Amino acid sequence: MKLSLPQYLTPFRRPSTVRAEREGAVLRVELDVPETGNAVTEAMLDDLLTVLSVPDPDVRVLVLSGAGDDFCLGGDRTEFTDWLDEDPTGRGIRIAGDKARRVCEAISTNQAVTIARIQGKAIGAGLALALACDLRVGADTAGFRLPELALGLPTAWGGVLPRLIHEVGAARARELILTGRAFDAIEAHELSVLQRIVPERELDSAVTAWAKPIVRRPEAALRVTKALLNSYAAPTRLADPSVLDAELMATVAAATRRR
């Protein structure tokens, strides 16, 4: 006879914050907490690592999107505060920061071509996730911002700083970070943060227009070309101390909190 555990002994399973769906050679990964603007939590980082940690050789294109009105409004500030309350030295921030770096590396080094589908706002960590992708298409109403400095934090999440400098140039990156100002889709396109702008209703069509020819490419040639692009891009980033991001974020957050 099969025995079942009483309900109060049933293991708790939290709802997933990420939805993944495979369509042929295309894997669609959606940040799925629209009620928070898809704010990045440690749980979301864990879910993304679960999806990204075991690459499928049959997947040629990975599409990263966000449910609801916004792509991603950045890190969850409530969780950030709770970590500092639990441990003023910033241990929780270090753990989550390391996961953030691993997630962004898993996206950028993925053997599939990665496409960010951006609507609404992509702020802070959301912009970092988008920049980790090979191709980025945004709605003409999309908006972007890096507000970390105004919050008393360094721009050190997921390796965003070297990627931003590589994509837009040091002078423009410096201005965006130090002022923390918002910029729209048109400027994002001029800065190469976006490679294409379309009306929001045409985002899926734009993603398909990119994905359709890519999935027809021979697997070996596509994989090697992606590796070559990453290899040639790496030297132009100069130093890439993103392994220090978690430590820098935790140290500055703890010092700011004490003051």
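Tutor: Aspartate 98 and arginine 102 both belong to helix α3 (residues 91–108), where they sit 4 residues apart, about one turn of the helix; helices here are DSSP runs of H or I with at least four residues, strands are runs of E with at least two, and both are numbered from the N terminus. This is a predicted model, in which local features need pLDDT of at least 70 and side-chain atom pairs count only at pLDDT 80 or more, while totals for chains, interfaces and linings use all residues. Residues are numbered from 1 along each chain as its sequence is written, and side-chain values use heavy atoms, with hydrogens and water left out.

The side chains of aspartate 98 and arginine 102 meet in a salt bridge, with N to O at 3.7 Å; the term stands for a side-chain nitrogen of Lys or Arg within 4 Å of a carboxyl oxygen of Asp or Glu. Aspartate 98 has a relative accessible area of 30% and is partly exposed, and arginine 102, at 39%, also counts as partly exposed. That class lies between buried, under 20% relative accessible area, and exposed, over 50%, as found with a 1.4 Å probe on protein chains only.

By this rule the count comes to 15 salt bridges. In helix α9 (residues 219–236), glutamate 219 and arginine 223 are again 4 residues apart, about one turn of the helix, and they form a salt bridge whose closest N and O atoms are 2.8 Å apart. Glutamate 219 is partly exposed at 27% relative accessibility, and arginine 223 is partly exposed at 35%.

Another salt bridge joins the side chains of arginine 181 and glutamate 175, with N to O at 2.6 Å. Arginine 181 counts as partly exposed at 27%, as does glutamate 175 at 29%. Both residues also take part in a network of salt bridges that links Arg172, Glu175, Arg181 and Glu187.

Glu219 and Arg223 are among the residues that line the largest cavity, together with Pro57, Val59, Arg60, Gln111, Ala112 and Leu222. A cavity is a set of points on a 1 Å grid over the protein atoms alone where a 1.4 Å probe fits but cannot get out, and a lining residue has an atom within 4 Å of a point. The structure holds 1 cavity of 30 Å³ or more, and about 40 Å³ of space lies in the largest cavity; grid points are joined across faces, edges and corners, and a volume is the space filled by probe spheres set on the points.

From Ala112 in that lining, we can turn to strand β4 (residues 113–118), where 6 of its 6 residues are buried. On one side these are Val113, Ile115 and Arg117, and on the other Thr114, Ala116 and Ile118, so that both faces of β4 are covered. Strand β3 (residues 61–66) runs parallel to β4 and is joined to it by 4 bridges, and two strands count as paired if DSSP finds at least two bridges between them. In this pairing, leucine 62 stands opposite threonine 114. Strand β4 is also joined by 4 bridges to β6 (residues 135–139), which runs parallel to β4, and there arginine 136 is the bridge partner of alanine 116.

Notes:
1 Å grid on protein atoms, 1.4 Å probe; cavity = no way out; pocket = protein on both sides within 12 Å on 5 of 7 lines; lining within 4 Å.
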